[in-house]
Each structure stands twice: as C-alpha cells, then as structure tokens.
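Hi,

Here is the structure I promised to pass on. Please open it first, then read my notes below.

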Amino acid sequence: MIERADVVVIGSGGLGAATAFYLARSGGRHVALLDRHELGSQTSPRAAGLVAHARSTDLMVQLVKLAADGIASFAAETGQPLDWTRSGSLKVARRSEDADVLEAELARAVRHGLDAEQIEPDEARRLNPLLETDGVLAVLRLGDDLYFEPAQVAIGFARGAEAHGATLLPQTNVTRVAIEDGHVAAVETERGTIRTPIVVDAAGAWTRQVAEAAGIRIPLVPTRHQLFVTVPLEAVHAELPIVRIMDAAVYMRPCEGGLLWGVFEEGPQQVEMEEQAPGFQIRDLALDADVLRRAADDVRAQLPVLRAAAVREHRGGLPTMTADGQHIVGPAPGAEGFFVAGGCNVAGLSISPAIGQALAAWILEGAPPLDLSALALSRFASLSEEQLRRQAAWRYRHFYVSA
C-alpha cells in the first residue's frame, strides 16, 4: 500500500481508467488508480460498445469525434489490444416527430464534417438486410459510427497507465475523501490512508457514495441496463451497420457472428446503492429477460430477427443517469482538488478516451482543452431528489429522441 500520490483516481471503469492513463502518460505525476473490486470488472465490460456520433449538442458531437479517434488509436497509444469495427449505423424513425429529430441531427452532423445522409428505407435495408422497412418513415445513415469490444477498454487503459508508472490498487475500498480547509488532503481506504491533493471520483455506480462521504452531492441515479447476445447467425457479418429504432429505444449490432441488442426500457429500474450488501458487485444485479422480449415484440415489424434468434448471453450493468442526460465532468465546488468523472448516461465507455484526455489536461494544466462548462456539477445545484429520479428515468427511456 502506498502512502502518497499526486493524483488518486477512484474507480477503474472506462472514465476512471482513461483519466489515469492520460495523467500517467503525461509524466511527472505519481498516479494511483483504486477500485473496490477487480480492475475494470463492473459495468464497463457489460456495456454495448457503441460509438454514436448523432448527438443532441455540438459539444457532445465534438467529444464523440475525439473519442472515436481514441478508440481507433487505442492499441497504438496504450499498447493494449482493442477490437473495433467502423460499420456505420442506421438510425430509424417510425414517427414523424422522430423524423424531425433526425433532420436536426443530420444538420449538426454535416456542420461537424461527419459522413451523414438521410436515405430511403429501401436503401437502409440494402445496407442491413436484417432491417425490414414496414413502418419506417425516415433513416439517418452515419458512416463514422463504430462498435468495439467493451471488455478490453477499461482494463486496457489501466494496464497502459501502469506501464507509464501508475500504481494500480484493486480490492481497495475507499471509506472517505478527507477535505481539510476546503482542500482535498487524503483518501482513506480500508487498507490505509493515501495523502494526496487531487482526487478524481469516477466510481461508477458508487460515485455518489464516495462523494457524499466527503460532504459533496453528485446527483446521479444508477439505472439497470440489459442486453442480449445471440448465437451466431448466417446472415450476420462484422460490417453490418448498427441499427437504432428511435421510439422503441432498441439498438442492434454484430457481435462474434451473432447480434448484440438491447433496449432503454420504459420505467427503468433505479438501484439504491446504499441498500446493497457490502460485497455487492454488478454481476449480482437481478436481470429480467421479459424486458428484452417485450422490446423484441415492439420492433418485430422492423427487426424480426430479434424474436427468432436464440440467446447465448444475457448481461446487464448499472450506468449512471443525470437529469439532463449529459455527463458530469470537472471540479466539485467548495472542495479544491476534488474532480468528478461521472454521469455516463449509458455512453460513458464509448466517450471515455475524450473525457479522460480532457480531465487529465484540466488537472495538469488548470483548464480543459475545450469548453466543458455545460457538464459542470454546479448546474444541478437546485435539483431535488424527486426531480432527479423522474428526469433521469425519462432521459434513459428517450436516449435516442431527447433534444
């Protein structure tokens, strides 16, 4: 166990591990990466592994572009493997209001120089024959979209950080971040205390608990997300475009010869972490296959394959949702040296290269490389718990259509 570090990153999921990597790679700082469990073992490896460029704000498009570049250069930068495929995607509207959203997203994509166009349903089916055109009003094709193997990202960043001198401390449960005279002073763990002036709270589903022990409120709601992986199918190959059905909140992509697909369900299960047993891990999360079966019924006219394909894996994680569907990144007011990387909003792993780089620069240079004020924790200063939970549930279900 170490006694001191220049920066302590709490949580080795995608956001935390990426931040630790870019901090360590810069040199000159001793970085410690802590996790209460094994490194990169919780929600990150249970993600869908999708990079979607059609986002609701210019800032998010900028971040996704940076993240996609980070995914493409991951192996070269970290020295660790990452399997990824730029398959492109088809975002499908079945309602007129969703077709309007696609028009706005197309205009934003073109403004940012993305490979994007609105195509006819028949052309979409030609690109992905598993998509039927019945009930389809509009389709946005995004050639820049890609998918990757989620289990490789967090652990790859962590091992890359270690190669640059970071200390990795799995199975190290944080009990409190000590704040003295308004400044971070130390991280107290069950294995001992680490003196440090800078902490990054990237603890995923446990982010609120870490912050609240230091008297800081971070309004996040851990929310169950589930997906199926099917057996290999003859019609599937790696370059089939990702498909997203907007109003049903269903997505589908190739995965090891089969399909990986999931849904942002109506009335999602929000999990109270303080009510879980002390040894709770994401693998202990109760899953409900009926949620996915109902989703398959909802899109049976467009994706009949989802009802027909046998399932070989059912997995779920606990992404953290915010009230506005945007991440929380940056310093915590009133506690100098306390930074947050949270509120993944079911897209944290895919954007982790961009957030990690930006937060590392913020810590090392005093400012991020682009304006992240829209992601500041302070924007939720007056948000009640009831508002948080209601709005977070809405954002989860409306992931593809919210403005």
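Leu359 sits in helix α10, residues 348-365. Helices (H or I, at least four residues) and strands (E, at least two) are DSSP runs, numbered from the N terminus.

Two points on the source. This is a predicted model, where local features need pLDDT of at least 70, side-chain atom pairs count only at pLDDT 80 or more, and totals for chains, interfaces and linings use all residues. Residues are numbered from 1 along each chain as its sequence is written, and side-chain values use heavy atoms, with hydrogens and water left out.

Leu359 is buried, with a relative accessible area of 0%. Buried means under 20% relative accessible area, exposed over 50%, partly exposed in between (1.4 Å probe, protein chains only). Leaving aside neighbours within four places in sequence, Leu359 is in contact (heavy atoms within 4.5 Å) with residues including Thr19, Val200, Phe339 and Val340. Helix α10 lies across β1, β13, β21 and β22, and runs at about 10° to β21. Axes are lines fitted to C-alpha atoms, for helices over the stretch in contact, and angles run from 0 to 180 degrees between N-to-C directions.

**The sheet**

The order is β9-β2-β1-β13-β22-β21: 6 strands in an open sheet with mixed pairing. Two strands pair if DSSP finds at least two bridges between them. The edge strands are β9 and β21, each pairing on one side only. Strands β1 and β13 pair in the parallel sense over 3 bridges. There, Ile10 of the chain stands opposite Asp201 in β13.

**The cores**

The largest nonpolar core has 68 residues, and Val8, Ile10, Ile216 and Phe338 have the most contacts inside it. Helix α4 gives the most to this core, with 4 residues. A second, separate core of 50 residues includes Leu359 and Trp362. Such a core is a set of buried Ala, Val, Leu, Ile, Met, Phe, Trp, Tyr and Cys residues joined through side-chain atoms within 4.5 Å.

The buried residues of α4 pack against α2, β5, β6 and β7. Just after α4, Gly113 takes a positive phi of about 75°.

Best wishes
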